[in-house]
Amino acid sequence: MNQAMGLLAPSSFTSSITLPRICPRRSLNLKASKAFHVLTSSNFRTRHSPICCSKLTLWETSSPTHAPTESTGDNLLKKTANIIETLSSENSEETLETSNEKFMITSNQRTAGLQFLKWPMWLLGPSVLLITGMVPTLWLPISSIFLGPNIASLLSLIGLDCIFNIGATLFLLMADSCARPKLSTQSSYSKPPFSYKFWNILATLTGFAIPLMMLFGSHKGFLQPQQTFITSAVLLAPYVLLLSIQMLTEILTWHWQSPVWLVTPVVYEAYRLLQLMRGLKLGAELSAPAWMMHTIRGLVSWWVLILGMQLMRVAWFAGFAARAARQQQAASSSAEDQ
C-alpha cells in the first residue's frame with residue numbers, strides 16, 4: 001500500500017492545488033486483486049485537475065505576485081538612503097540655525113553690555129595722547145634733557161618720542177574699539193583705496209628723502225659749512241625714527257583693515273610738527289648752519305601741507321560715508337514699500 005501511495009505522489013510541488021479525479025462508486029466493487037493490478041500497471045497515469053481560486057481563505061496569507069528585480073531593489077535602497085540623508089541634513093541645518101541664533105543672541109547681549117565702556121574712551125584716548133605727547137615736550141624743560149650734542153642728549157630725545165609712540169598706540173587701539181559696530185553680525189572691516197595708499201607712501205618717502213639728501217650733500221662737501229654727525233643725529237635722528245614707526249603703523253592698519261587707517265597719519269603728523277619745531281629750537285642752541293635750519297623749516301612746511309591734505313581726506317570720507325548711509329536707507333525704505 002505504501003508503494004502504491006508513493007507512485008500516486010506527484011514528482012514536484014506546484015503553485016496550484018491539484019486533486020485526483022474521483023472514480024465512480026461502482027468502481028469500488030472491484031475486487032482487491034483487480035484494483036491492485038490496475039494500480040500497479042505501468043500504463044496507468046493519474047490525471048490531476050487544477051483548482052484555481054482567486055479568493056483566499058481566512059487562514060491563508062497573500063503571497064507576492066512577483067519577485068522584485070535587482071534594479072528595483074537598488075532603486076529602493078537608493079531612495080531610502082536619500083530619504084535618510086535629507087532627513088539628517090534637515091535636522092543638522094535646523095540644529096545649526098538654532099545654535100547660530102543662540103550665539104548671535106548671546107554675542108549681542110555681551111556687546112550691548114559692554115557698550116557703556118566705550119563712552120569713557122572718547123575722553124580717555126585723547127587724554128592719553130595729550131599726556132604722552134604734548135606734556136613732556138611743552139612743559140618739560142629742554143635744558144634738563146638736552147646737555148649738548150652728545151649721545152645722552154640723543155637718547156633723551158628718542159625717549160621722549162618713544163613715550164609719545166606708546167600713547168599713540170594706546171589711542172589707536174581705543175579708537176579702533178570705538179569704531180567697531182555695536183552688533184557683532186555687522187562687518188567692521190575697512191579697506192582704504194589704492195590712491196590713498198599711494199599718496200601716503202609718496203609723502204612719507206619724500207619726508208625721508210629731503211633730510212637724507214641734505215646730510216649726504218654735507219658729507220660730500222657740497223654744502224658748506226659741514227656739520228658733524230652727532231649734531232645731525234640730534235636734530236634729525238628722532239624725526240627719521242618716528243617717521244619709520246608711522247609708516248609701519250599705517251601698513252599694519254591697512255593689512256588688518258582697521259577703521260583707524262584714516263586717523264593714523266593725522267596723529268603722527270601733528271606730533272611731527274611739534275618735533276620739528278623742537279629741532280629748530282635745538283638748532284639755534286647748537287649754532288647749526290643755515291642750510292640745516294632751512295631744511296628743517298622746509299620739512300615743517302611740507303608736513304603742514306600733508307596734514308592739511310589728510311584733514312581734507314577725512315572730510316571727504318565723512319561726506320562719502322554719509323552719502324552711502326543715505327543711499328542704503330533709501331534702498332531699504334524702497335524695499336519695504338515693495
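The protein chain contains nine helices and two strands, where helices (H or I, at least four residues) and strands (E, at least two) are DSSP runs numbered from the N terminus. Read from the N terminus on, the elements follow the order α-β-α-β-α-α-α-α-α-α-α. The model is predicted, so local features need pLDDT of at least 70 and side-chain atom pairs count only at pLDDT 80 or more, while totals for chains, interfaces and linings use all residues. Residues are numbered from 1 along each chain as its sequence is written, and side-chain values use heavy atoms, with hydrogens and water left out.

Of the 338 residues of the protein chain, 28% count as buried. Here buried means under 20% relative accessible area, exposed means over 50%, and partly exposed lies in between (1.4 Å probe, protein chains only). Tyr239, in helix α7 (residues 229–256), is buried, with a relative accessible area of 1%. Tyr239 and Pro211 are 28 residues apart in sequence, and their C-alpha atoms are 9.6 Å apart in space.

The UniProt record, in an unreviewed entry, places the feature "transmembrane region" at residues 119–139, 151–175, 196–217, 229–248 and 300–322. UniProt positions are given in the numbering used here, feature names are shortened, and annotations may be inferred rather than shown by experiment. In the model, residues 119–139 are 86% helix and 0% strand, with the end C-alpha atoms 29 Å apart. Residues 300–322 are 100% helix and 0% strand, and the end C-alpha atoms of this span lie 33 Å apart.

Leu138 lies in helix α4 (residues 121–138). Together with Leu130, Ile131, Val135 and Trp139, Leu138 makes a nonpolar surface patch of about 540 Å². Patches are made of residues with over 30% relative accessible area and no salt bridge; like charges are joined within 9 Å, and nonpolar side chains (Val, Leu, Ile, Met, Phe, Trp, Tyr) within 5 Å. Accessible areas come from the Shrake-Rupley method with a 1.4 Å probe, and for residues only the protein chains shown count as cover.

A search of the whole structure finds one salt bridge, defined as a side-chain nitrogen of Lys or Arg within 4 Å of a carboxyl oxygen of Asp or Glu. The salt bridge joins Arg278 and Asp161, with the closest N and O atoms 3.4 Å apart. Because Arg278 lies in helix α8 and Asp161 in helix α5, the pair ties together parts that are 117 residues apart in sequence. Arg278 and Asp161 are both buried.

Seven aromatic pairs are found in a search of the whole structure. Rings of Phe, Tyr and Trp (its six-membered ring) pair if their centres lie within 6.5 Å; planes under 30 degrees apart count as stacked, over 60 as edge-to-face and the rest as tilted. The ring centres of Phe164 and Tyr268 are 6.0 Å apart and the planes stand at 85°, so this pair is edge-to-face. The pair links distant parts of the chain, with Phe164 in helix α5 (residues 151–179) and Tyr268 in helix α8 (residues 264–286), 104 residues apart. Both Phe164 and Tyr268 are buried.

Trp316 and Phe317 also form an edge-to-face pair, at 5.0 Å centre to centre and 85° between the planes. Trp316 counts as partly exposed at 49% relative accessibility, whereas Phe317, at 18%, counts as buried. Trp316 and Phe317 belong to one aromatic cluster with Tyr196 and Trp261.
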